[in-house]
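I opened this notebook page to record a search for aromatic ring pairs and for charges placed over rings.

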Amino acid sequence: MISILDFFTIGIGPSSSHSVGPMRAAKTFVDRLVERELLERVARLEVTLYGSLALTGKGHGTDKAVLLGLLGETPDGVDVDTIDARIAQIETDKRLTLAGTHAIDFRPQKDLKFDRKTKCKVHPNQLRLVAIDAEGEQLAEDVVYSVGGGFVLTAADIQAAQEVEASGKVPPDSRPYPFRTGAELLARTKETGTSISEVVQANERVSRNEEEFRAEVLKRWQVMQDCVKKGCQAEGILPGGLQVRRRAPALCQKLKERGQSPDPLATLDWVDLFALAVNEENAAGGRVVTAPTNGAAGIIPAVLHYHMRFCYGASEDTVVRFLSVAGAIALLYKENASISGAEVGCQGEVGVAASMAAGALTEVLGGTVEQVLQAAEIAMEHHLGLTCDPIGGLVQVPCIERNAVAAVTAINSSRMALAGDGEHKVSLDKVIATMRRTGADMSAKYKETARGGLAIEVNVIEC
């Protein structure tokens, strides 16, 4: 069972699929070597990145993430302030200490390869890790796929899921109120006379009690707040070569100096600030909460900050409700489409995050379940076909501004839904299915490969 907390993992920037997922995959590989008592026999490692991981891996920090995972680090545990120094040490010493205990010769330029030619048949984010002993014999091999949001699957995992889908047989579900579609979610709320957040929290109690769930949600909210605060203070140029200057600190100071404004839309300046602060931190490799991906990590915090700061009656209880609903909507996209930019374009990242935020905001503002689903549908409907075309393979342009625009779209989608009665021509399930088909039809050059769109309009050497 996927917990809604899995859509809000604490990690590092700049990418959940290209940084968080590969780090997890590398650590899992080393952990298995330890479990099988093979670690001490390893003399050499070969790591190969394919597809989107190879094409935009440098700009997304995939190579650094893999090395950190091999060292035994986790996305939520690594000290972000030490990363650059540790990577530089590996490059200087030509040595890598697996799991922090077993040192081997390792030359990143030679042993960590970017295969930009081999086509990926299973998923566009493919990673292969091979351990070799002193005699040249292969000890272990893992081929894994980073499928978005930090989720990592093996080929066997994907094949098993495809077989289940083809068979039409629904696997056992231990949740008291299982749902895989928006229609099923609506039905569960009607059966129980409860809200979406209440259905979600009842399902979560299968694996953790109410206090534990609440604590985990509020932990993520605290990281979101810390991220906004740090993003509003950190100045300078973002790494990568685009020379993108952080704008959040100057905007924050300007808004503080302005104070109360007669402009009825002045609140949206704060929403922009919250989103920019998070995504500039993400682009710098800072600590963020995946929501549901790192490239879209600023939308949920921006809308939730908006609610907590500008809406009447906001409290920690509404934070728990907000993220419960947002997680339920993310689950619908994960089950029926994708949250991977390399698979369906940015509609699967920013579009999904906007949909999550719109639905969540609608419930905490008192909307009906129908209005929640309508708000989520409106937000995605106007992100259909959104391309993932990062300039220089960096999660900066257009990604940072795109989060700010999408956060405002989410708020407007909620307001439109609350102004109606919840009836709409296009259901959330239909728009999710449309998003999936649109992603399948989209050219690969618009899906996180930096080979089309804005990515080719600016000449940048990926570094």
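The entries below follow the aromatic pairs and then the charged side chains.

Entry 1, basis. I worked on a predicted model, in which local features need pLDDT of at least 70, side-chain atom pairs count only at pLDDT 80 or more, and totals for chains, interfaces and linings use all residues. I numbered residues from 1 along each chain as its sequence is written, and side-chain values use heavy atoms, with hydrogens and water left out.

I searched the whole structure and found 3 aromatic pairs (rings of Phe, Tyr and Trp, the last by its six-membered ring, with centres within 6.5 Å; planes under 30 degrees apart are stacked, over 60 edge-to-face, the rest tilted). Among them is the tilted pair of Phe 7 and Phe 151, at 5.6 Å centre to centre and 55° between the planes. I located Phe 7 in the segment before β1 (10–12) and Phe 151 in the loop between β7 (138–146) and β8 (152–154), 144 residues apart (strands are DSSP E runs of at least two residues and helices H or I runs of at least four, numbered from the N terminus). Both Phe 7 and Phe 151 are buried (under 20% relative accessible area; exposed is over 50%, partly exposed in between; 1.4 Å probe, protein chains only).

I noted a tilted pair of Trp 270 and Phe 274, with 6.2 Å between centres and 40° between planes. Both residues lie in helix α12 (residues 267–283), 4 residues apart, about one turn of the helix. Trp 270 is buried at a relative accessible area of 12%, and Phe 274 is buried at 4%.

I found the charged end of Arg 309 over the ring of Trp 270, 3.9 Å from its centre (NZ of Lys or CZ of Arg within 6 Å of the ring centre and within 35 degrees of the ring normal). The charged end of Lys 334 sits over the ring of Phe 151, 4.2 Å from its centre.
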